[in-house]
Amino acid sequence: MINNTIDCRFCSVVSKANKEDPIGTAITCDHWIIMETLQPWPQEIYQQNPTIKSLISAYQELVFKYKIQLKPVLIAPDREYSEPGLTRILYYYRPAHLFSQFEKQEFIVPENQAAALVTAIFQQLLQKPNNLSDFQKYQQQTSHIRELMICTHAQVDLACGRFGNPLYRQLRKQYAPFSNGNLRVWQSSHFGGHQFAPTLIDLPQGYFWGHLESSVLDLLVEQNDSVLGLRKYYRGWAGLNQFEQIAEREIWMQSGWSWLNYLKAGKVLAMEKVAEECQPDWAEVQIDFIDPHTQTKGSYQVRIETCGEVMTACNSATVMELEPVKQYRVSQLVRLE
């Protein structure tokens, strides 16, 4: 276990050495706006880029006033995928209460129309009059393409550059070209979880991964062996919240790859009452599901309890401060039909 960080520059090294479990750290969201933006990306890219800056107030209204769970991500243009003067925008959304993957709309628009397109999507989310139909001519038929987005945003945290870039290059070189056009790999801006670098989002399914290693990329991409080999790298599914994510991992590990296609949703049944800044010691959640092949419906009731804590560093600061983080385990899992 690392307790002395004098010789360690990277938060993810501390987290991994101290065996911090990444499960339950995926961002929960119903909508994604993903936009191509030229690098370099300064730390304050969202305030400094003119196109993005023009959208900030509308974004804040959606998230803070209307409580819409919307996640923005930037991706770097790619020499093969992208065209100069044009901007790619990917919009993913939750299609139903129970679902297995996000629905996707992709647009490639002239750079000077990118803000107008995002604004139209925002207005649609608010059920306000909009001109989204004007952009149909720019829509791409790419719903079949799997998108892997690896954080390489070193200006936000050194660990994402140090560990994200090699992983990105390996995935981009060794996997994307041999996918028959069904897989694209992108460099992305930060999406939370510095200490889990290299960290990755897998869309359209919406799975988050962290502490990734070269040795598990075949399993992650090809899904060609036991899912148990991915357990310690799984941060969770964006369709669920923290404790639901912890429960869902246990179900997935027991069910195998077929679980990916199940329609699912979660809810918290009970939780220890604690102060706002504290993490509870236990929670009870329910994961509802539908088997898409048989239309069988069911649910799991799951109890989650703490099983200790580890010391971690949440960012790669010049002088890193370690802090304790509770670790959880599933103590009871019951399937109901």
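Colleague: Which residues of α8 are buried?

Modeller: In this predicted model, the buried ones in α8 are Phe243, Glu244, Gln245, Ile246, Ala247, Glu248, Arg249, Glu250, Ile251, Trp252 and Met253. That makes eleven of its 14 residues, and the helix is mostly covered.

Colleague: How should I think about the directions residues point in a helix?

Modeller: An α-helix has 3.6 residues a turn, so residues three or four places apart point the same way. As for α8, its buried residues pack against β9 (207-209), β10 (234-237), β11 (263-271), β12 (282-290), β13 (297-312) and β14 (323-336).

Colleague: Which residues touch the most other members of the largest nonpolar core?

Modeller: Of its 70 residues, those are Trp32, Ile34, Leu171, Leu200, Trp209, Trp252 and Ile304. Helix α8 (residues 242-255) gives the most to this core, six residues. Another core, of 27 residues, lies apart from it, with Met35, Trp41, Ala120 and Phe135 among them.

Colleague: And how do I look for empty space?

Modeller: Rolling a probe the size of a water molecule over the atoms shows where empty space is left. Here the count comes to one cavity of 30 Å³ or more, and the largest cavity has a volume of about 50 Å³.

Colleague: What lines the largest cavity?

Modeller: Its lining includes Trp209, Trp252, Arg146 and Asp202. By type, the lining residues divide into seven nonpolar, two polar and two charged. Trp209 is also in contact with Asp202, Leu220, Leu230 and Trp252, among others.

Terms used:
Residues numbered from 1 in each chain as written. Predicted model: local features only at pLDDT ≥ 70, side-chain atom pairs only at ≥ 80, totals over all residues. Heavy atoms only, no water. 1 Å grid on protein atoms, 1.4 Å probe; cavity = no way out; pocket = protein on both sides within 12 Å on 5 of 7 lines; lining within 4 Å. Points joined across faces, edges and corners; volume = space filled by probe spheres on them. Nonpolar A, V, L, I, M, F, W, Y, C, P; charged D, E, K, R; others polar. Core = buried A, V, L, I, M, F, W, Y, C linked by side-chain atoms within 4.5 Å. Buried < 20%, exposed > 50% of the residue type's maximum accessible area, 1.4 Å probe, protein only. Helix = DSSP H or I, 4+ residues; strand = E, 2+ residues; numbered from the N terminus. Contact = heavy atoms within 4.5 Å.
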